[in-house]
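Here are a few notes from going through the model. Have a look at the structure first, then read on.

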Amino acid sequence: MPERPAIEVRDLVKVFTKGRVRALDELSFEAAAGTILGVLGPNGAGKTTAVRILSTVIRPDAGRAAILGIDVGQDPAAVRRIIGLAGQNAAVDENLSGRQNLLMIGRLSHMGRGPARRRADELLEQFELTHAANRPLKTYSGGMRRRLDLAAALVAEPPVLFFDEPTTGLDPHTRQEMWTWTERLVRGGTTVLLTTQYLEEADRLADKVIVVDHGRVIAEGTPASLKADLGATVLLVTLEDHERATKAAALLAPIANRPPVVADSSLEINVDDGPKAGSEAMRALDGAGLAVLGLVLREPSLDDVFLRLTGHRAEGAIAEEPPITAAARAAP
Amino acid sequence: MTTTSLRVDVATAMAPMTRRERVRWLFADTFTIAWRFLAAMVRMPDSIAFSAIQPMLLVLLFRYVFGGAIAGVHGSYVNYLMPGIFVQTVAFGAIISAVGMAEDLQKGVIERFRALPMARAAVVTGRTMSDLTRNVFSVILMTALGFAVGFRVETNAFAFLAGFGLLLLFSWSLSWGFALIGLLVRNPETAQLATIPILLPFTFASSAFVPVGTMPGWLQAFANNQPVSQIVNGCRALMNGGPTETHVLIALAWSLGLVAVLAPLAVRRYTRIA
C-alpha cells in the first residue's frame, strides 16, 4: 500500500481583500515523506501564503490541506505539534540570546525545562553557535542568524519542516552553508517544504519541484524532468537590438521546439540537436542580413523552465504579497 | 547527534488536551512569554535606567513643584500627593504595554508563535504579566523615594501593603487596555501617541494632585467618578487613613471590572489579527 503523502494540498484558495489579490488560486500539490519539495516561484507567486496556511498561521478561504494526514483547518493545534517553521517571516527575538531563543521555543513547544535546555545546547553545538550562545541576536551576523532560525525550527524535532525562502538575501557562501545544513536534515527522514526564488537552490536540494505562479501550480516534476521537457539544448543568440532579435525569432521559429523567447537584444530557442541547429541558425540569420553578436549553446537550466512557463525571469519582481502581520524584517 | 528522539507521532499530536491541561499550559506559556520580555529587559540596562528615571522624576517634580504651592489641604500635602503620584506613574507606565504589543506585531517572532503549539492568548497575557512585574519594581522604587522626600504612612503596614496591591491591580487592568490599543493601531509610534489623549485627562482631571472641589462643576462630575480618582481615593484611604471601605471597594470594582472587560477584548483582538 503506498504511503500517504506527508503534505497534501487540495485546491487551496486565498484572497487578500486589501489588494484584491488572489494569492492562491486552487493550489494543489503533494510531498512524499522524507523528501524535499521545492516550491519555486517569483515574488508574489503565493509561496509564502501557502506556507502560512500549511503552518496554521492563516486560514484558507477554500480548499484543504493536511500534514501527515492531519487537516490544518480542523485540527490546527495538532498540526503545530508536528511542524517546524523557518524563513523570511518566522523570526526569532532580537533582544534575546541564541540560547534563550531556543529555550523559549522549547518551552512554548511544551517541552520540560530540562529537555528544552539540553535540546537548546545540542542545537547550538550542531549549528556551530555555541561560542555565541549567550550573545543577543542583534550581534549575530546574517549567516549566524539564519542558522539560529533553522535551529529554532528544529527544537521539537518536528517530522515536517517549512523553510520559506531560507536563503533570500544571503551571500553565496552562506547560501551554500545553508544548503549543506538542509541536506543533512533530510537524511534523518524529515519532510521539507522549501520555497525559493532561486532555481539553483531548487535544482540542488529538491527531490521534486513545483513551479508556482499567480497562486497555482504551472509545472511539476523532478528538476531533471522539468529541464528535459524543454529539449536537450538551449540556443542563445544575441543580436544588435531588440527589433532585430524579434525579426530573428520569427526566422528561427521553424527550427525550435517551442516558440522562441525574446529578451532585450537576445533570443532563446530550445532545440534537440544543438550543433546542427546552431549552424542552421547562423545560415538563416546570415541570409537575412542579421549580424550575430553572440551565439551560445548550453544545457537548459531551471531558469529556462521558468522563463518558458511564466514568460518572465524568476527574479523579476512582481507585486509584493501583502503580509497580515507587517513582518518586514530587515535583511541584516 | 541527537541521543533521544523527541519526535511526536501523529496519534500523540492529535490527542486532545483536557481542560485542565489547557489551563496549565496557558499559565506555563504566559510565564514563558513574560520571561521573554523580562530577560530581554535585563539585557538592556540603559532601558531599565531610563524607565526607572521617569517615576523618580515624577515623584521629585510633583513633590517639590506642587508640594510647596498647594497648602490648605488637611494634613501633610506630601502624604496627600504621594498616592496620586503612584497612580499617575503606573498609568503612564502602561504606555509600554501599548508600544510593546504594537512592536511585537511588527516582528516576525509572532509568526513563529502562531505555528507553535502554545496557548495563543499567552502572547498577550505574558505581555501584561511582564508589565506587572516591572510595575512592582517601579512602585517599590517610587515608594522608597517617597519616603526619602517626606512621605509617611499614616495607617499601618498592612493597610499600606493593601494600597500597594490595589495600585498594582489597577496597573494590570490598564496593561490590558493599553495592550488592546497597541493591537488596534499596530504601529508603535501611533500606539504611543494614542495613549496620551487618554492618559492626560484621566490623570489630571482627577483627585490625584488636588482636591476635586476647586474644579468647575461639570469637570467635578467627571473627576469624581472616573477610575483614576477612585483608585487614588482607595490608595489614599489605605495609606493616609480616613473612611476606607467604600473607597477601596469602588477601586477594586473598577480594576476588576476593567480586567474583566479589557482582557477578553485584547485576547480576542490578538487571536483575530495576528
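1. Between chain B and chain A there are 3 salt bridges. One of the residue pairs joined this way is A:R52 and B:E111, whose closest N and O atoms sit 2.5 Å apart. Do keep in mind that this is a predicted model.

2. Now for the interface as a whole. On the chain B side, 43 residues are in contact, and they meet 54 residues of chain A. The size of an interface is often quoted as the accessible area lost when the parts come together. Here chain B and chain A bury about 4200 Å² between them, with 57% of that on carbon and sulfur atoms.

3. Which residues touch the most other members of the largest nonpolar core? They are A:L102, A:F163 and B:F113, in a core of 111 residues. As for who gives the most to this core, that is helix α8 of chain B (residues 157-185), with 13 residues. Apart from it lies another core of 35 residues, including A:A6, A:I53, A:I83 and A:L85. Nonpolar side chains in soluble globular proteins do tend to be buried together.

4. B:F113 deserves a click of its own. Leaving out residues up to four places away in sequence, B:F113 touches A:M104 and A:L108 from chain A, plus B:I33, B:R36, B:M118 and B:V123 from chain B.

5. Then there is the surface of chain B. B:F50, B:I53, B:L57, B:L61, B:V65 and B:F66 make up a nonpolar patch there, and together they have about 570 Å² of accessible area. B:I53 is part of helix α3 of chain B, which runs over residues 45-69. Why does B:I53 count as partly exposed? Its relative accessible area is 40%, and the partly exposed class covers what lies between the 20% limit for buried and the 50% limit for exposed. Mind the chain letter when you look this one up: A:I53 is among the residues of the 35-residue core, whereas B:I53 belongs to the surface patch.

6. Last, chain A in overview. Chain A has 11 helices and 14 strands, and its C-alpha atoms fill a box of roughly 80 × 45 × 45 Å along the principal axes. Of its 332 residues, 55% count as buried. Chain A exposes about 13600 Å², and carbon and sulfur atoms supply 51% of that area. Taking contacts in chain A between residues at least 6 apart in sequence, 68% join residues at least 24 apart.

Definitions and conventions:
Residues numbered from 1 in each chain as written. Chains lettered and ligands numbered in written order. Predicted model: local features only at pLDDT ≥ 70, side-chain atom pairs only at ≥ 80, totals over all residues. Heavy atoms only, no water. Patch = residues over 30% accessible without salt bridge, like charges linked within 9 Å, V, L, I, M, F, W, Y side chains within 5 Å. Areas by Shrake-Rupley, 256 points an atom, 1.4 Å probe, with all protein chains shown as cover. Salt bridge = Lys/Arg side-chain N within 4 Å of Asp/Glu carboxyl O. Helix = DSSP H or I, 4+ residues; strand = E, 2+ residues; numbered from the N terminus. Buried < 20%, exposed > 50% of the residue type's maximum accessible area, 1.4 Å probe, protein only. Core = buried A, V, L, I, M, F, W, Y, C linked by side-chain atoms within 4.5 Å. Contact = heavy atoms within 4.5 Å. Buried area = accessible area lost by both parts, 1.4 Å probe.
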